[in-house]
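Keep the viewer open as you read.

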Amino acid sequence: MHFIKTIAAVGGLMAMTSAAWAQEYPERPIQMIVPWGAGGGTDAVGRLLGAEIQKELGVPVNVVNRTGGSGVVGHSAIANADPDGYTIGIMTIEIDMMHWQGLTELTYEDFDVLAIVNSDPGGVMVSADAGFDSVEALLEKIKSEPAGTFKASGTGQGGIWHVGLAGWLLSEDLAPDHVTFVPSQGAAPGLTDMVAGGVDIVPSSLAEGRSMIDAKRVVALATMSADRQDAFPDVPTLAESTGSDWTVAVWRSVAAPAGLPEDVKVKLMNAIETAYNSEAYQEFMKDRGFGLRWAKGDDAAAIVATDDAAFGEVMTKAGLAAQ
Amino acid sequence: MSIVIEAANLVFQPYVLLVIFGAAAFGMFVGAIPGLTATMATALLVPVTFFMDPVPAIATIVTATAMAIFAGDIPGTLLRMPGTPASAAYVQDAYAMTQQGRPEAALGASLVFSSIGGIFGTLVLITASPVLAEIALKFSSFEYFWLVVLGLSCAVFISPGSPARGLIALFIGLFAATVGLDNPAAVPRYTFGSVEMMGGVQFIPAMIGLFAVSEVIRAFIKRASDVRPPAAMSKSIFRQQATNLVTYPVQALRGSILGTAIGALPGAGADIAAWISYAVSKKFSKTPEKFGTGHVEGLVEAGASNNGAMSGAWIPALVFGIPGDSITAIVIGVLYIKGINPGPMVFITQPEMIYAVFIVFLLANLIMLPLGWIAIKGARHVLSIPQKVLMPVILMFCMVGSFAINNSVFGIGLMLIFGIIGFLMEENDIPIAPAILGLVLGPMLEQNFVTSMIKSDGSFLAFFERPIAAGLGLFSIAIWAIPLVLWLLHRRSARQNLT
């Protein structure tokens, strides 16, 4: 009996080591965690990238949604996985905000950032009924009315567009809460509420308001980016119109738990780069109106770190950071 | 007319019809497994549609979702495991019919009236989209707050037994809905430092636990005797539904209208529609006491209502690109990829596309009838399985479904806890259904209340300042106040009679 067990154990060990020698990464399916719900923009980006990476690496890439807790649950699941390259995930900009809010200890330093694959700048949108034709006119009106007269919406409390709005107001020498922020479940409910007369401004990305802009219900007054956006060539930047230098953009990245072996990391980054440049991905992003942006490895990590610092400053001033 | 012919040419292609058939079978399969939702079916289909032309791509999604929503009624009826919160509204009646040996009658009603509601909603979509979308755009958080209050009130009043017990169940659900981080202020509540708890109580595992696991526990403890295998039907499934249609034409129409109207609101969907319709049905019924005991009337009205809402959700989606629910949110994305940008312009620039979509809608709701019939015929055999074999299998399915919703063991734990809660509730005659609605609508109630209060700078009067909000608000208050006033008057007159 002992003899058989020993044989089995030795055989098993040999099989394992020989497998490790003979095969290199990846030898089994890769799990890709998406911290947001099935059907959303992040989910679509993850599924499409996953399919392309699968073609490149030759093993299945299973996309798994881990939702809830404003992204905390899914991001924790990525960071807490083994750093062996078999668990990767889509890390979104919330990682740079939720630790400031005191929701989690988790920061971007718990991840190996592999690449940034998309970015969409914020904007300033108002209802067509409001009668503003420029962001200067809007800003003048905001300044002349008492604090709290104007309301804005488009994301949850302390979410990216809340921070974006506060940052813009600060850059215009206004209090960060001069415009009251009304939390919503996302840009779409915020836009609907604005058209129904519930709020005045939605500072979300222009891509999210595209159908309402086309329907002439919503007017895009400005983009919070350094240059005008290709999809909206007539919409000026903040710098062009009010002179504010504030910019903000959401990005989506592919990340793995920190401590990935170097060869695995390189292999993954190259696979993601090929996926990013694939026709399917490029066309999908253009058709959906999502912004294309590419940064790899250390460059991507630097962008994540810069945003983290900038958001920390604005959130502390706006009273959104935990004390 | 030439546009309609052009549109028909796009749809009646062998390839498109084949795709519709395949998607229908897929939707039927996904919907019939508890815990796998129509939203999940849609999300899984999106990568497949990348390789298709616009019309088959949209046909795939429309057909699969319509089918999945109906198929969710199958486990609900046979095993009391509702596939969606919308079918939870009438699961009590449907399951009671199964226990009386009439599962085919229940499923047949659900199938036929789902189809009727869906077709009605589509006709409204074709004829009145722009007008209805304008009205739907007038709804802000004030109006939605009152709508949610109405939905929750319905849950209390339709529950069998006393309203007090319904209220207890509702508060259990509302309490469970407060757990987690996804509230307006983004403050963690009752999470005890656990990351999983931050995600809150997801309603699919909770619903499976409350309804199905509690049933498994009961079968184990009480050693339930096997359900009588359904007797051979004297009438065919469809002839029986013809009788239902003759008996309840008003209910079917009312359910379709209400469902489509509620579905057209971006912030409200099939679940609220089904519950309100069920309550309306009971309120105006000649035999309200039969509701909950295996009576088909509520099934007819609420079944028509939730499929009407499915079609209604497309009204704001097509006219303004505003998603009415999670499924239309996915579809809007697919439309963009296919170069059909939803908005008022699409009716002018690509009318043949829009008409093709309409034709697909009608086809999807019609193909449901024969395929649903096959599914019902096959499903009844589930009941011939002895209980002691069936129950462990159900438990296994419960676990798969609870796990699949967020790919985490936490879901299974939630399911088991809610199974015990559900068992204890039913042992004490507390109805389960209101707890589900509390769990589903609790976050909406809070969200709409808090955002309204922020907008109005803390003034309660704002809930009555907008005309639609004022109407809905007064109506909600009346629902609660009138029975109370009547009861007080009744008591006073009774006392006067004594003296």
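A residue is called buried here if 20 or more other C-beta atoms lie within 10 Å of its own, exposed if 12 or fewer, and partly exposed in between, with C-beta atoms placed from the backbone. By that count A:S70, with 29 C-beta neighbours inside 10 Å, is buried.

Before going further, some housekeeping: this is a predicted model, in which local features need pLDDT of at least 70 and side-chain atom pairs count only at pLDDT 80 or more, while totals for chains, interfaces and linings use all residues. Residues are numbered from 1 along each chain as its sequence is written, and chains are lettered from A, ligands numbered from 1, in the order in which they are written.

Most residues other than glycine have a negative phi, and most peptide bonds are trans. A few places here go the other way.

| Residue | Backbone value | Loop |
|---|---|---|
| A:P26 | omega about -5°, cis bond with A:Y25 | between helix 1 (2-22) and strand 1 (30-34) of chain A |

Is B:Y190 buried, exposed or partly exposed? It has 13 other C-beta atoms within 10 Å, so B:Y190 counts as partly exposed.

**A kinked helix and the core**

Helix 12 of chain B (residues 203-222) has 20 residues and runs 27 Å from its first C-alpha to its last, close to the expected 28 Å. That expected span is 1.5 Å times one less than the number of residues. Helix 12 of chain B still has a kink of about 35°, centred on B:G209; the bend at a residue is the angle between axes fitted to the seven residues ending there and the seven starting there. Of its 20 residues, 15 are buried, so helix 12 of chain B is largely enclosed by the rest of the structure.

A nonpolar core is a set of buried Ala, Val, Leu, Ile, Met, Phe, Trp, Tyr and Cys residues joined through C-beta atoms within 7 Å. The largest one has 280 residues, and B:W275, B:I276, B:A356, B:V360 and B:I436 touch the most other members. Two residues are in contact if their C-beta atoms, placed from the backbone, lie within 7 Å. Leaving out residues up to four places away in sequence, B:W275 touches B:A89, B:G151, B:C154, B:A155 and B:L437.

**Domains and the chain contact**

Domain bounds come from an automatic or database domain assignment. Chain A splits into domain 1 (2-120 + 249-317) and domain 2 (123-241), with C-alpha centres 31 Å apart. Each of these two domains gives 13 residues to the contact. On the domain 1 side of chain A, helix 11 gives the most, with four residues.

Chain B has domain 1 (2-465) and domain 2 (473-499), whose C-alpha centres lie 35 Å apart. Here the contact takes six residues from domain 1 of chain B and four residues from domain 2 of chain B.

Between the chains, 50 residues of chain B are in contact with 47 residues of chain A. Elements giving two or more residues to the chain B side include helix 3 (38-49) and helix 23 (433-455) of chain B. That side has 26 nonpolar, 19 polar and five charged residues, where Ala, Val, Leu, Ile, Met, Phe, Trp, Tyr, Cys and Pro count as nonpolar, Asp, Glu, Lys and Arg as charged, and the others, Gly among them, as polar.
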